[in-house]
Amino acid sequence: MGYVRAEEILPIEVIELIQQYVDGETIYIPRKAAHRQAWGAGTQTRQELLMRNQQIYRDYLAGSRTSELACKYYLSKKSIQRILRKMSGKKMG
């Protein structure tokens, strides 16, 4: 997300209208719903987290305790438990 000066892209009438609500403040204008991407769509983060969670589940099935997994993956025990619950309902491929 880049910073763009309003006077470079908006007509003065629009700027004056916006100034009635926010004068000199920085505002965020969200994308139209049709142009929004799902979380992680622009990066590999979603895939990396899935692979990490699958490995956590495999480690658990191999006998690791939740406290050991929490230390190994730098997560809380509650996060590990949540991941294990979620992964136990999925087929691993």
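Select Glu7 to begin: with a relative accessible area of 49%, Glu7 is partly exposed. Buried means under 20% relative accessible area, exposed over 50%, and partly exposed in between (1.4 Å probe, protein chains only). The model is predicted: local features need pLDDT of at least 70 and side-chain atom pairs count only at pLDDT 80 or more, while totals for chains, interfaces and linings use all residues. Residues are numbered from 1 along each chain as its sequence is written, and side-chain values use heavy atoms, with hydrogens and water left out.

**Salt bridges**

The term salt bridge stands for a side-chain nitrogen of Lys or Arg within 4 Å of a carboxyl oxygen of Asp or Glu. Side chains of opposite charge can pair when their charged atoms come close. Arg5 is partly exposed, at a relative accessible area of 43%.

How many salt bridges does the structure hold? There are two. For the other pair, select Lys72 and Asp59, whose closest N and O atoms are 2.9 Å apart. This pair links distant parts of the chain, 13 residues apart: Lys72 is in helix 4 (residues 66-73) and Asp59 is in helix 3. Helices here are DSSP runs (H or I, at least four residues), numbered from the N terminus. Is Asp59 buried or exposed? Asp59 is buried, with a relative accessible area of 11%.

**A loop residue**

Go to Leu10, in the loop between helix 1 (6-9) and helix 2 (12-19). Leu10 is partly exposed, at 28% relative accessible area. Leaving aside neighbours within four places in sequence, Leu10 is in contact (heavy atoms within 4.5 Å) with Ile15 and Ile18.

**The positive patch**

Next, select Arg46, Arg65, Lys77, Lys78, Arg82, Arg85, Lys86 and Lys90, which gather in a patch of positive charge on the surface. Patch residues have over 30% relative accessible area and no salt bridge, and like charges are joined within 9 Å. Lys and Arg count as positive. Which helix gives the largest share of the positive patch? Helix 5 (residues 77-88) does, with five residues. Arg46 is placed in helix 3 (residues 45-61) and counts as partly exposed at 44% relative accessibility.

**Last stop**

Finish at Ser67, in helix 4. Ser67 is partly exposed, with a relative accessible area of 26%. From C-alpha to C-alpha, Ser67 and Lys78 are 9.6 Å apart in space, and they are eleven residues apart in sequence.

Key:
Patches are made of residues with over 30% relative accessible area and no salt bridge: like charges are joined within 9 Å, nonpolar side chains (Val, Leu, Ile, Met, Phe, Trp, Tyr) within 5 Å. Accessible areas come from the Shrake-Rupley method with a 1.4 Å probe; for residues, only the protein chains shown count as cover. The place of a charge is taken as NZ of Lys, CZ of Arg, CG of Asp or CD of Glu. Helices (H or I, at least four residues) and strands (E, at least two) are DSSP runs, numbered from the N terminus.
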